Amino acid sequence: MRLVRGCGILLVLLWSCVVVDAEPKVVRMKTGERLVGEISSLSTDATLVLESKLLGELRLPRSEILGIEADKPDSAAVGVVVPDKPKPPKKESQQVASKPKPKPKEEPKPVKTIELTQEEVEHIKERRILETLRDLQAPEAWKGDLRMGMNLSKGDKRWTESFARGKLEIDPKGSLNFYRFTGSYTYRQTEKSNGDTYKSTDRYDGTFIYRRSFFDDWFVQNSLGGRVDQIKGIDREVQELVGLGYSFEPTPKFELIFGGGGGVEDFESNSDDTRNGLHPVANIFQEFSWKPLKRTSFVQKFNYYWNPNNTQQYNYVLTAAIRYRITDLLGFEFSFNQDFDNDIGDGSARDDLTLRNAIIVYF
């Protein structure tokens, strides 16, 4: 009896050594199955030994085990493989709580079209042209003016004279070149002694001057000019001259220019005379400008032309003017002008002396 009792005690000890955790456990696998059984003491760090009443001893790699939990009383029979119940899908708001729902794209609003009348279209075009002209600016090297005026005369033959004169000078800073364009147009209406009025024709002229500086104050000059003066009976006069000049400028407010040259002249008048045709011409010129005050200036010019083959054929132009600049854009001028021709082709002299006043537009 003692022997039998000892053997029984030994068997109980051996069983307790083999099975450590006799409580049934539920082992959840990564593949989704759940295995129910008792964990054996033969389990290692790499392998879990599960004693299932239905399947016997199961060796499960721990790397494939998702979790181990105690078996609930209402669970399926011990040892039965029970797959995990699929969990209901989460609502979209629960899956990504922080992600805002994309806003639906707004349809572009239709563009309203406004029908304009032809008058409104023309008005818009005119405004654009005016704005473009207003924004125009002349280059810094350019300066010039436009003078417009009227003169009155009394005597045996009263006349009214309207005129416009323009000048543009291009003097690039640091350059040796200088350009000048001048031109004028004069319209004269004459009153006869009996009171009748008539147009005694008109006159116009234009000149282009190019100067190239050298040795600081010296320059060479090329001048191309022409005039039509039907008041005097000159149908055409064109001159091409080349000369040499000197500029004396002791202060920025004072400048004196003088020089001379020669070239050819093409002359034609309404009288039949030997002067008509192409012949040589000589010239001396002088220019003076003084600016005693900030907005006041005095300008004087003199040009003398003669035929070297016939010294009786000559003419000269003398001008002097006082100008006052009211603003950067506007000013006025009082001037004296004498245009004298000793021989216009019929041997008679013609003198035209006028006192002028004009409004000046600067640019």
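1. The side chains of asparagine 177 and tyrosine 210 are joined by a polar contact of 2.7 Å, where a polar contact is a pair of N or O atoms within 3.5 Å, and, within protein, one must be able to donate a hydrogen and the other to accept it, with residues adjacent in sequence counting only if both atoms are side-chain atoms. A polar contact of 2.9 Å also links the side chain of asparagine 177 with the side chain of arginine 212.

2. This is a predicted model, in which local features need pLDDT of at least 70 and side-chain atom pairs count only at pLDDT 80 or more, while totals for chains, interfaces and linings use all residues. Residues are numbered from 1 along each chain as its sequence is written, and side-chain values use heavy atoms, with hydrogens and water left out.

3. Asparagine 177 lies in strand β9, which covers residues 177-191; strands (E, at least two residues) are DSSP runs, numbered from the N terminus. Asparagine 177 is buried because its relative accessible area is 16%, given that buried means under 20% relative accessible area, exposed over 50%, and partly exposed in between, with a 1.4 Å probe and protein chains only. Apart from its neighbours within four places in sequence, asparagine 177 is in contact (heavy atoms within 4.5 Å) with Ile170, Asp171, Pro172, Tyr210, Arg211 and Arg212.

4. Side chains of opposite charge can pair when their charged atoms come close. A salt bridge is a side-chain nitrogen of Lys or Arg within 4 Å of a carboxyl oxygen of Asp or Glu, and by this rule the count comes to 19 salt bridges.

5. One of these salt bridges brings together the side chains of glutamate 57 and arginine 59, at 3.5 Å from N to O. Glutamate 57 counts as partly exposed, with 40% relative accessibility, whereas arginine 59 is exposed, with a relative accessible area of 52%.

6. Another salt bridge, at 3.1 Å from N to O, is formed by the side chains of arginine 147 and aspartate 145, and both arginine 147 and aspartate 145 are buried.

7. The side chains of aspartate 229 and arginine 203 also meet in a salt bridge, at 3.4 Å from N to O. This pair links distant parts of the chain, with aspartate 229 in strand β11 (residues 218-229) and arginine 203 in strand β10 (residues 197-214), 26 residues apart. Aspartate 229 counts as buried at 2% relative accessibility, and arginine 203 counts as buried at 9%.

8. Salt bridges that share partners join Asp145, Arg147, Lys167, Glu169, Arg180, Arg211, Glu287, Arg323 and Glu333 into one network.

Terms used:
Helix = DSSP H or I, 4+ residues; strand = E, 2+ residues; numbered from the N terminus.
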